[in-house]
Amino acid sequence: MAADGTGRSATGGFSDGPVADGQGRFGAGRPSAGSVADGLEQSSGERATVRLRGAPVREHPAEPPRYAPEWLRLREPADAAARAHDLLDPLRIRLAGLPGRADGLVVHDLGCGTGSMGRWLAPLLDGAQHWVLHDRDPYLLHFAAAGAPHTAADGSRVTVETRRGDLAHLTPDALNGAGLVTASALLDVLTTEEVGKLAAACTAAGCPALLTLSVAGRVDLTPGHPLDTEITEAFNDHQRRTGMLGPDAVTVATEAFAGHGATVRAQPSDWRLGPGEAGLTAQWLRGWVGAAVEQRPELRARADRYLEERLAACAAGELRVVVHHTDLLALCRPTGGAP
Ligand SMILES: C[S@@+](CC[C@H](N)C(=O)[O-])C[C@H]1O[C@@H](n2cnc3c(N)ncnc32)[C@H](O)[C@@H]1O
C-alpha cells in the first residue's frame, strides 16, 4: 500500500470544480456559484496546500474523478450517524451461520476512500477481522491504512491490507475467501455494468454485502424555497449523465442481487443536517448547486442567488437539510457448505 509518492499538492489534485456525488460528490469542472467561497487549507507533511472544496476532480479529462480526503473526513460523522443499524442484526446472524475461518472474518471494502466504513463497522462486529481495502486511488488508500481500526467489538484483533484497482475490472476471484463485502457511498458512482459485476462476484463468494449510503435522489430543505425542486432534478440528471447510476443505484443493485437469488433488505440512512453540521451542509450545498448549474447552465443567475441565501441561512443556524440515502443488505446464497 502506498501513497502515490508524488507529494502532490491539492492545488493540482483537488482544488477546483463543483462537487456532485449526492452528498457532495463532485463532477469535474469549473468553479460554480458557491465553490469560490471555500478554500480551507492545511499545511502539514508533504502536501503543502489542500483545498477542501471540490472533492473529486479530474486531473485530466480521461481520468476518473478523484475525491478529496478532506471531504470524506468532513462527511464521516454524518455518515456514521446515518447508517442503518437495523441491518446489523440480520448481518450478524448471517455471519454466524457462515463457515468459520481460522484467521477470522475477511471483509472486502470496495471504494473504501479513507476507510470510514471500517472505522464504523469493525468495532461493531465480534471476532478477529481482516479488512481488504479496495480503491483505485492510492492516495486515499494511504489514509485508509493509516487510520484503520485495530480492535473488534469483543477486543479481537483487526488487521488491514490495501488493494489498488478499478472495480470496472472486478472479477469473482478477487473476492475469494470473503466473508463479507462492504461499500459506502459507492453504488451511485458506479454504472449498471459495474454493479452487475459486483453482484456476480458477491454471489460467487457466497457472502453477504452491506452496501450503504447510496443517494436516493431526494433532498428536503427547511425552510423550503421555490428553486429546491429544480436544483434537485438538475443535480440528479448531472449524476446520471456519464452513465453513473446516481439515484437509480438502489433499484439497479437490488435487481442485480435479486437476479442472483439474493435476499435484499433496504433501510433509510438519511443525513439529517442542522446547525451542528453547518460546515458539512455548506460544503454539500456548494457541490449540489454547482453540479445543478453545470447540468443546466440556464439556472446560473438564479442558482447563484439561491446558494447565497442558503449559505447565509446555514451560517445563521436557520437551515435544516435531509439528504435521503438508502442502505442495502444483500444476503447472497452461501456457498461452501454453510447452512
Ligand atoms: C464517495 S467516495 C466514498 C469513500 C468511502 N467509501 C466513504 O464512505 O467515505 C467513493 C470512493 O470510491 C472510489 N471509486 C469510485 N469508483 C471506483 C472504481 N470504479 N473503482 C475503484 N474505486 C472507485 C473512489 O476513489 C472513492 O474513494
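## Close-up views of a predicted model

View 1. By class, the residues around the ligand are ten nonpolar, four polar and seven charged. The shell has 21 residues, and those that come nearest to the ligand are Gly111, Gly113, Arg136, Leu167 and Ser184. Two helices, H2 (69-82) and H4 (116-121), each supply at least two residues of the shell.

**View 2. Strand E8 (residues 320-331) and its pairing with strand E5 (residues 209-222).** E5 and E8 run antiparallel and are joined by nine bridges.

**View 3. Strand E8 with strands E6 (residues 263-268) and E7 (residues 271-273).** Six bridges link E6 to E8, and the two strands run antiparallel. Within this view, alanine 266 stands opposite leucine 328 in E8. E7 also pairs with E8 in the antiparallel sense, over three bridges. Tryptophan 271 stands opposite valine 323 in E8.

**View 4. The crossing of helix H6 (residues 192-205) and helix H8 (residues 249-259).** Two packed helices are described by the angle between their axes and the distance between the axes. For H6 and H8, the axes come within 9 Å and cross at roughly 35°. The crossing is right-handed. On the H6 side the contact is made by Thr192, Val195, Gly196 and Ala199, and on the H8 side by Val252, Ala253, Ala256 and Phe257. Sorted by class, this contact has six nonpolar and two polar residues, with no charged residues.

**View 5. The cis peptide bond between threonine 222 and proline 223.** Omega of this bond is about 0°. Proline 223 has its place in the loop between E5 and helix H7 (228-240).

**View 6. Alanine 185, a residue with positive phi.** Phi of alanine 185 is near 55°, a positive value in a residue other than glycine. Alanine 185 is found in the loop between strand E4 (180-184) and H6.

**View 7. Confidence along the chain, and residues 1-55.** The mean pLDDT of the chain is 84, and 80% of the residues reach 70 or more. Over residues 1-55 the pLDDT is below 50, although this stretch has 164 contacts in the model beyond near neighbours in sequence. Where pLDDT is low, the predicted coordinates should not be read in detail.

Methods: Residues numbered from 1 in each chain as written. Predicted model: local features only at pLDDT ≥ 70, side-chain atom pairs only at ≥ 80, totals over all residues. pLDDT = per-residue confidence, 0-100. Contact = placed C-beta atoms within 7 Å. Pairing = 2+ DSSP bridges. Helix = DSSP H or I, 4+ residues; strand = E, 2+ residues; numbered from the N terminus. Axes fitted to C-alpha atoms, helices over the stretch in contact; angles between N-to-C directions. Left-handed = near helix turned anticlockwise from the far one by under 90°. Nonpolar A, V, L, I, M, F, W, Y, C, P; charged D, E, K, R; others polar. Near = placed C-beta within 6 Å.
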